[in-house]
Amino acid sequence: MKSSATSLRLLTSTFAMSLTMVPAWAEGSAPVPALTLELNAAQPSDKGCRLTFVVNNNLGAGLSKAAFEIALFNGAGVVDRLTVLDFKDLPEGKTKVTRFDLAGTDCTKVSRVLINSATECAGTGVEPNACMRKLKTETKTGIAFGV
């Protein structure tokens with residue numbers, strides 16, 4: 001009797017553990033739609049500061065137009081500048097590298113880049129607010145970057 005009770009408990013535990021693993025497996029099978037924007041580099045240029053972004057559009061549809069208003073913060077945490085970066089078209093499933101030269105900006109004095117809003121977010125079947133709602137940010141620099 002004791003061994004069958006132990007076997008039953010072991011079987012029940014194994015079954016319960018397998019059920020808890022199903023949601024994690026199911027989530028991993030379908031990627032969540034996202035627009036990933038990575039601040040990849042900030043380098044001095046002849047004009048000022050060159051910001052390099054790596055963009056990956058996995059929204060499920062191509063974007064014919066994508067532009068974001070950003071705020072640049074100085075070392076004291078004060079907004080130094082607002083500007084719009086136009087990423088133009090972003091095809092579905094494609095990774096794109098884009099550079100922007102910010103005239104008169106010293107890269108060493110930029111402590112944070114904040115995406116304030118999407119000024120343009122257009123594409124067939126794309127909700128106008130998808131660029132902000134499904135935006136994921138990353139940075140490879142020492143500059144804080146986010147929404």
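**From surface to disulfides**

The accessible surface of the protein comes to about 9,000 Å², and 58% of this belongs to carbon and sulfur atoms. Accessible areas come from the Shrake-Rupley method with a 1.4 Å probe, and for residues only the protein chains shown count as cover. The model is predicted: local features need pLDDT of at least 70, side-chain atom pairs count only at pLDDT 80 or more, and totals for chains, interfaces and linings use all residues. Residues are numbered from 1 along each chain as its sequence is written, and side-chain values use heavy atoms, with hydrogens and water left out.

Of the 147 residues, 31% count as buried. Buried means under 20% relative accessible area, exposed means over 50%, and partly exposed lies in between (1.4 Å probe, protein chains only). Contacts, defined as heavy atoms within 4.5 Å, can be sorted by sequence separation. Among those between residues at least 6 apart in sequence, 65% join residues at least 24 apart.

The secondary structure consists of two helices and eight strands. These are DSSP runs numbered from the N terminus, where helices (H or I) have at least four residues and strands (E) at least two. Along the sequence the elements follow the pattern α-β-β-β-β-β-β-α-β-β.

Four of the strands form an open sheet in the order E4-E3-E6-E8, with mixed pairing. The edge strands, each pairing on one side only, are E4 (79-90) and E8 (144-146). From one strand to the next, the twist averages 20°; the axes are lines fitted to C-alpha atoms, for helices over the stretch in contact, and angles run from 0 to 180 degrees between N-to-C directions. Two strands count as paired if DSSP finds at least two bridges between them. Strand E6 (residues 112-122) and E8 pair in the parallel sense over three bridges.

A disulfide is a covalent bond between the sulfur atoms of two cysteines. The criterion here is a pair of cysteine sulfur atoms within 2.5 Å, and a search of the whole structure finds two such links. With bonded cysteines counted along the chain, the pattern is 1-2, 3-4.

What is the separation of the sulfur atoms of Cys49 and Cys107? The two sulfur atoms are 1.9 Å apart. The link of Cys49 and Cys107 is right-handed, with 105° about the S-S bond.

Cys121 is in strand E6 and Cys131 in helix H2 (residues 130-133), ten residues apart. Cys121 is buried, with a relative accessible area of 11%, and Cys131 is buried, with a value of 0%.

A last stop is Ser45, in the loop between strand E1 (34-44) and E2. Is Ser45 buried or exposed? Ser45 counts as buried because its relative accessibility is 18%. Leaving aside neighbours within four places in sequence, Ser45 is in contact with Arg50 and Asp101.
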